[in-house]
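These are my notebook entries on a structure that is new to me. I set down what I looked up, entry by entry.

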Amino acid sequence: MNNLYCLLFISCVLASCAAPQADPPEPVNPVPHTRQLEWQELEFYAFAHFNMNTFTNMEWGMGNEDPALFNPTDFDPAQWAKVCKEAGMKGIIITAKHHDGFCLWPTATTPHSVKNATWKDGKGDIIKEVAEAFRKEGLKFGIYLSPWDRNHPDYGKPEYIEVFRQQLRELLTNYGEIFEVWFDGANGGTGYYGGANEERRVDKKNYYDWQNTYAIIRELQPNAVIFGDAGPDVRWVGNEHGFAYETTWSNLMRDSIYGGMPEYAEKYASGQENGTHWVPAEADVSIRPGWYYHEYEDHKVKSLPQLLEIYYNSIGRNSSLLLNFPIDKRGKIHENDVSQLMKLVNKIKEDFASPLPMDADNLSASSSRGKGFEVQQILNEKLGNFWAAEDGQTSSSITIDFPGPVVFNRFLVQENIALGQRVKSFDLEVQQADNSWKKIASGTTIGFKRILRLPDTEARSIRFTINNSKDSPTVSHLAFFKAPSLLLPPKISREKSGMVSMEASEEGLEMYYTLDGSDPAKNGQLYAGPFQVLEPTSIHAISRDPQAEKFSEPVQKEFQLAKKDWKVMEPGENATQVIDDNASTNYFSNQDRVTIDLGATYSLKGFTYFPMQNRYLSGLIQSFSFLVSKDGESWTEVSKGEFGNIANSPIEQRVIFPTVEARFIRLKALSKLDDQSASFAEIGVLIE
């Protein structure tokens, strides 16, 4: 009995002596609202541009389009939802009304809507079907509603504001929970305006009376975040290529900004350290060059390396990622878009599949607030758990000591943003054999999430040091990963001089090639630098990861006669760009033709025409005449015809004709797709 009383007494003493739970740090204002915290954890969700522009092949319609033109042949929102769910996206935002004013729901405010479409004899409701399909998959639903309306006769007048607000009320009342309401900054300009066909400008700052418009959303959908240049809840990242900034603050000087502000991107898009309101960034970007579907962009879906750049420069830089799918005329996400999306998703899963093992015994911190805020809290990915330094400590470090050597190339860190964004700069170091520390990376802001891509780095000890913080720093999660190399085939290009270059998809990869058509994995020569190819040649190449001892898929690149000695005979500006072996440059001919001296006589059997590759195309040749000459004086037409589907598929056109001896060639446009000067990206010849 005496021993039992003794043990009870000791237990009571120990309990009374245990350190009490420490108080959390004071917030550093501004701090996020609950709806903003919930939105922040979504990270990755879809944009769907699907509207009248889909059927008129436009990006911005004028507002005079016939509603009957809207007629998807196989509308399938369930396919959208399944694609998004499989990709790990958390929801979708759809263009309920774009600038042309056509409404995807049977609104009472205008006849310019689906109620007068051919689709379903005017009895359909796109918004309803998409909302239901996404909720069935457990995904969220949001709406884009353009403030600008190039169709409505009252746009620019006070009466239009009530029309706009009534449209907003309909969308927020009839379609269940909305997670985000998206307002475009494009407002005012030329339009149909009920037949007026004129330019109407508005005072972007005051015309919409935004505060009373926002009040409707707060009343009907209090959990929805509102997107705009100035928020008020979520802001535009300031560009349409999906990149946040090296320094991205969620703080914004919100009261200094209004939608469509000309200097917004330059002055405000990256946020401000001393910003007055919490308005985090959202990076919006399309998976294709255009926001709306255009058949000629089917081969221009962003590559895996491009999509990875977008991911790491948005989500990896304290921003969410809103990735757009231009829904096609069927009413589906195109197969090419789905394929590239899943390549991205699978690669991201692969990159973060192998975190370095860490436990409490690995960790130490230079400063800790006390019980409940110890450094081991960073092992828990929930935002409510976090490490905090002592009050007044604006610089602190966390050290991870591993039992043995580890290799990593990704670093992920998150702040506890519920208490405000604090960190202004940090370093990442590894310990050397002599116990000194070597800096391998630096950064500025962290926010909700910061990801660094690094070279493969071996270490036994890693130190993360916050150099400067607005107040005592907090970290909710920290992790290291070993991402496999991005094993893609080499990118092969050739200059006008005939010099061929190869570029690997990632550092550390080897590249092998053959010039005789054989397998480069077996017979390939290791690429060591540019080499010259002047004659027609088929290059086969492959990448190899020497660590994993794996090969990429092979790639084949066909090169015709090099343009080293070619000269353009027309004196037009930038004429040499038609033979610079760079498809991104163009030559526009006022004579609608191009004449070239090949520098020697060859046995020609055909030619190639590469049309311009810009987002907006002009001067594309539809029908042509191809002529040859031995002396540049006497010409013979050897081919005449048309480039069949060049409007929808502006890829390299190849024309074969009976072999003929010639030194000079001329490609002449007989007709074009528009009334602009004939455009040429590249001209080539095929020889025996």
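**Cysteines**

I began with Cys103, which counts as buried because its relative accessibility is 0%; buried means under 20% relative accessible area, exposed over 50%, and partly exposed in between, with a 1.4 Å probe and protein chains only. Cys84 also counts as buried, at 0% relative accessibility. I then searched the whole structure for disulfides and found 0, a disulfide being a pair of cysteine sulfur atoms within 2.5 Å.

**Basis of the entries**

The model is predicted: local features need pLDDT of at least 70, side-chain atom pairs count only at pLDDT 80 or more, and totals for chains, interfaces and linings use all residues. Residues are numbered from 1 along each chain as its sequence is written, and side-chain values use heavy atoms, with hydrogens and water left out.

**Helix H7**

I looked up which residues of H7 (residues 210-220) are buried, and noted Trp210, Thr213, Tyr214, Ile216 and Ile217. Seen down the axis of H7, these buried residues fall within an arc of 145°, so they line one face of the helix; the arc is that of the directions from the helix axis to the C-beta atoms. Gln211 and Glu219 are exposed on the other side of H7. Helices (H or I, at least four residues) and strands (E, at least two) are DSSP runs, numbered from the N terminus. The buried residues of H7 pack against helix H6 (158-174), strand S4 (180-182) and strand S7 (225-228), where contact means heavy atoms within 4.5 Å.

**Helix H6**

I checked the length of H6: its 17 residues should span 24 Å at 1.5 Å a residue, and its end C-alpha atoms are 26 Å apart, which agrees. The expected span is 1.5 Å times one less than the number of residues. Buried residues of H6 include Tyr160, Ile161, Val163 and Phe164. The partners of the buried residues of H6 are strand S2 (91-97), helix H5 (126-136), strand S3 (140-145), S4 and H7. After H6 comes Gly176, with a positive phi near 75°.

**Helices H4 and H10**

I noted that the axes of H4 (residues 77-86) and H10 (residues 335-351) come within 10 Å and cross at roughly 20°. H4 and H10 are therefore roughly parallel to each other, as angles under 35 degrees count as roughly parallel. In this contact, H4 contributes Gln79, Val83 and Glu86, and H10 contributes Val338, Leu341, Met342, Val345 and Lys349.

**Thr608**

Last, I looked up Thr608, which lies in strand S31 (residues 593-610). Thr608 is buried, with a relative accessible area of 7%.

How values were computed: Axes fitted to C-alpha atoms, helices over the stretch in contact; angles between N-to-C directions. Parallel < 35°, antiparallel > 145°, perpendicular 65-115°, else oblique.
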